[in-house]
Protein chains: 2
Amino acid sequence: MTLPGKVAIREVALRDGLQIEEPIPLSAKLELLAAIAATGVREVEVTSFVSPTKVPALADAAELAAELWRYPDTEFSALVASPGGAARAVAAGLTSIEYVVCASDAFSTANVGRSSAEATAAIADIAGIAHDAGATVEVIIATAWDCPFDGPTAPRRVIDIAAKATEFGVDRLAIADTIGTTTPRRVTELIAAVRPIIGGIPLGAHFHNTRGAGLASAYAAVSAGITRLDSSAGGLGGCPFAPGATGNIATEDLVYLLHDCGVETGIDLQAAIGAAQVAGSVVGHGLPSALLAAGDRKRD
Amino acid sequence: MTLPGKVAIREVALRDGLQIEEPIPLSAKLELLAAIAATGVREVEVTSFVSPTKVPALADAAELAAELWRYPDTEFSALVASPGGAARAVAAGLTSIEYVVCASDAFSTANVGRSSAEATAAIADIAGIAHDAGATVEVIIATAWDCPFDGPTAPRRVIDIAAKATEFGVDRLAIADTIGTTTPRRVTELIAAVRPIIGGIPLGAHFHNTRGAGLASAYAAVSAGITRLDSSAGGLGGCPFAPGATGNIATEDLVYLLHDCGVETGIDLQAAIGAAQVAGSVVGHGLPSALLAAGDRKRD
């Protein structure tokens with residue numbers, strides 16, 4: 001097993017982290033964004049262009065997008081769930097679009113009112129909208145391992161979506177453990193199943209720490225050659241299907257682990273702990289990050 | 001990479017979990033022990049025979065030991081730090097002794113007032129006391145990766161202690177990440193360095209989740225062939241060098257991960273979550289376990 005020398009982390013606190021929080025002011029988001037930018041992270045998922053009534057915490061997507069010119073060295077992405085959302089995102093100036101397709105039908109229907117196959121078919125339209133605007137598009141395959149309604153997701157469903165996305169010319173793919181249930185062996189197996197059918201398209205992974213296995217799964221993914229991972233400052237982001245449980249893996253915990261394993265991220269660990277402190281401050285409650293409580297390894 | 005079919009978990013909530021807590025009554029320990037025994041775990045580290053002024057929470061070691069006959073199918077062990085402690089442990093009826101040797105001098109001196117070499121030399125006496133009483137002895141090499149005072153521990157120090165312990169005829173060995181700083185790559189490397197020099201002696205590993213990497217490290221250990229792991233109900237057990245930080249990996253989180261990876265433990269997950277609830281109840285505060293908050297994976 002050889003680890004990659006470098007992994008690109010995408011910071012998702014501003015989108016996946018905030019989406020089930022009570023809405024916070026734009027000024028607080030800008031404060032968090034400044035702290036995140038100071039960590040050295042190069043990719044930031046900054047908001048989503050979805051229904052403001054469904055996700056009120058991200059209703060200010062266009063206003064936030066209008067502030068992003070302040071960080072010319074950062075690649076900002078926004079999540080969309082429909083062609084209409086993609087159109088709004090590119091109109092707001094986003095040049096990197098993420099389109100979520102749920103691999104399970106029950107989750108897809110609950111989330112966006114479409115079956116998984118219908119959501120998959122819309123990839124072509126969304127890729128067209130993005131590419132026509134000069135933007136890139138990434139398809140994130142959600143509930144890639146388990147669905148809270150349908151149970152385990154058959155790998156074949158993920159493979160079929162990845163094949164369609166490849167056929168439709170997407171620029172990147174990711175597989176997401178939406179409800180935080182997967183573990184290293186299934187991570188390794190799904191990556192091995194998906195990679196051969198997507199050609200040279202970069203594949204990322206998105207883990208939640210809901211059952212404590214998020215970092216173990218992330219390490220398994222990196223060991224399997226994945227060099228793109230999502231994480232959230234402070235571990236911000238709950239799990240709507242497990243109230244009180246943790247959500248996204250924490251950026252600073254992931255950075256600590258990767259650096260200690262000799263894998264570079266370009267992120268400054270102390271600055272990442274600082275961003276986690278800001279994340280906790282803007283939402284006004286404790287966060288599950290381990291580094292936030294323990295600090296970096298040091299001599300006393 | 002082939003995972004073992006089965007891993008033996010040793011439940012350490014009653015010793016490592018409780019040792020830095022405020023002392024709780026013997027009756028509360030027996031309540032927790034009953035919940036732990038109900039999980040199906042076969043090995044339980046139940047107390048330590050050390051200075052009651054240094055570790056007041058475990059001052060009732062002999063009284064607790066007198067209750068263990070109630071669980072004839074469980075193997076109980078107790079931790080000791082000196083030949084005198086070993087003598088007290090076997091006098092109290094313990095048939096499995098754990099002797100901790102710190103690989104770093106500063107930690108060894110702070111902990112037991114002896115250098116690492118002096119503590120290593122005492123293995124012979126302690127093995128003699130245990131074996132004369134018909135008990136087994138395990139040497140746990142503490143601060144095996146990092147010391148809070150000396151910084152990173154040279155692998156050579158761990159190897160030398162393991163070699164001495166092997167020469168002195170100990171029955172088992174374990175390597176412990178005492179302050180919760182190691183990560184998978186260093187776990188894999190140290191196991192690869194230690195195993196060739198200890199012959200057929202079983203090697204276990206003990207991880208803390210202080211920097212969030214505990215389960216990732218445990219998975220790395222199992223991937224490297226380790227089939228003995230310590231964990232604590234609810235993740236009970238703090239880190240004296242990082243106030244407020246988490247300590248031991250949680251038994252139920254470890255069981256979830258291992259079972260999901262196809263590795264059996266003989267532990268019932270729901271009963272383990274129940275034991276974690278009892279652990280939280282007897283200490284009267286929240287515990288960091290992920291499963292305690294999120295529950296097992298299930299269909300809603």
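Helix 12 of chain A, residues 269–283, has 15 residues and spans 21 Å from its first C-alpha to its last, close to the 21 Å expected at 1.5 Å a residue. The expected span is 1.5 Å times one less than the number of residues. Helices (H or I, at least four residues) and strands (E, at least two) are DSSP runs numbered from the N terminus. This is a predicted model, in which local features need pLDDT of at least 70 and side-chain atom pairs count only at pLDDT 80 or more, while totals for chains, interfaces and linings use all residues. Residues are numbered from 1 along each chain as its sequence is written, chains are lettered from A in the order in which they are written, and side-chain values use heavy atoms, without hydrogens and water.

**Helix 12 of chain A**

- Among the buried residues of helix 12 of chain A are A:L269, A:I273, A:V278 and A:V283 (buried is under 20% relative accessible area, exposed over 50%, partly exposed in between, with a 1.4 Å probe and protein chains only).
- The buried residues of this helix pack against helix 2 (26–37), helix 11 (251–260) and helix 13 (290–294) of chain A.
- At the start of helix 12 of chain A, a side-chain oxygen of A:D268 comes to within 3.3 Å of the backbone nitrogen of A:Q270.
- After helix 12 of chain A comes A:G284, which has a positive phi, near 75°.

**Helices 11 and 12 of chain B**

- Helix 11 (residues 251–260) and helix 12 (residues 269–283) of chain B pack at an angle of about 165°, with their axes 9 Å apart.
- That angle makes helix 11 of chain B roughly antiparallel to helix 12 of chain B (angles over 145 degrees count as roughly antiparallel).
- The contact (heavy atoms within 4.5 Å) involves B:E252, B:V255 and B:Y256 of helix 11 of chain B and B:L269, B:A272, B:I273 and B:A276 of helix 12 of chain B.

**A:G40**

- A:G40 lies in the loop between helix 2 and strand 2 (43–49) of chain A.
- A:G40 counts as partly exposed because its relative accessibility is 29%.
- Leaving out residues up to four places away in sequence, A:G40 touches A:G266 and A:I267.

**A:H206**

- A:H206 is in strand 9 (residues 203–206) of chain A.
- With 5% relative accessibility, A:H206 counts as buried.
- The A:H206 side chain makes polar contacts with the side chains of A:D16 (3.0 Å) and A:N248 (3.5 Å).
- A polar contact is a pair of N or O atoms within 3.5 Å; within protein, one must be able to donate a hydrogen and the other to accept it, and residues adjacent in sequence count only if both atoms are side-chain atoms.

How values were computed:
Axes are lines fitted to C-alpha atoms, for helices over the stretch in contact, and angles run from 0 to 180 degrees between N-to-C directions. Angles under 35 degrees count as roughly parallel, over 145 as roughly antiparallel, 65 to 115 as roughly perpendicular and the rest as oblique.
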